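Please consult the sequence and the structure shown here while reading.

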Amino acid sequence: AHLTDVHMQPIVGAAKGFARCLHHVQSLPDTPDLIINGGDAVMEAHGRGHDSAKRQWRLFQDVLRSENSLPVLSCVGNHDIWCREETAQSFADGRQWAMDELQ
């Protein structure tokens, strides 16, 4: 199953919607072997405070861990990269954080 642009955030019911989506995928008559996450797992890490990005990642991970039993392969989306300063090092650090979160 290909899921993309979940845009997890602690408001507007994103966690419930993501959980419902995962339940649907896992209950299909022909259950997928894995989920491919196309990126943008969190709403907006770029330009946000570290704590805000951390809350979004924690929520994404909590729902995925509690509501999913399928393996997941992930791509990093532009919303997943935390970057407060427009420097190459800041971008690289933020990309690595996203890659670590997405395993």
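**Cavity**

The structure is a predicted model. A search of the whole structure finds 1 cavity of 30 Å³ or more. The volume of the largest cavity is about 50 Å³. Its lining is formed by Leu3, Val6, Phe18, Leu22, Ile35, Asn37, Phe60, Leu64 and Val72. At least two lining residues come from each of helix H1 (14-26), strand E2 (35-37) and helix H2 (50-67). By class, 8 residues of this lining are nonpolar and 1 is polar, while no charged residues take part.

The largest pocket holds about 160 Å³ of space. Its lining consists of Phe60, Gln61, Leu64, Arg65, Asn68, Leu70, Val72, Ser74, Glu101, Leu102 and Gln103. Two or more of these residues are given by each of H2, strand E3 (72-74) and helix H3 (88-102). Which element gives the most to the lining of the largest pocket? That element is H2, with 4 residues.

**Composition of the linings**

The table sets out the residue classes.

| Space | Nonpolar | Polar | Charged |
|---|---|---|---|
| Largest cavity | 8 residues | 1 residue | no residues |

Helix H2 supplies at least two residues to the cavity lining and 4 residues to the pocket lining.

Conventions: Residues are numbered from 1 along each chain as its sequence is written. This is a predicted model: local features need pLDDT of at least 70, side-chain atom pairs count only at pLDDT 80 or more; totals for chains, interfaces and linings use all residues. Side-chain values use heavy atoms; hydrogens and water are left out. On a 1 Å grid over the protein atoms alone, a cavity is a set of points where a 1.4 Å probe fits but cannot get out, and a pocket is an open set with protein on both sides within 12 Å along at least five of seven lines; lining residues have an atom within 4 Å of a point. Grid points are joined across faces, edges and corners, and a volume is the space filled by probe spheres set on the points. Ala, Val, Leu, Ile, Met, Phe, Trp, Tyr, Cys and Pro count as nonpolar, Asp, Glu, Lys and Arg as charged, and the others, Gly among them, as polar.
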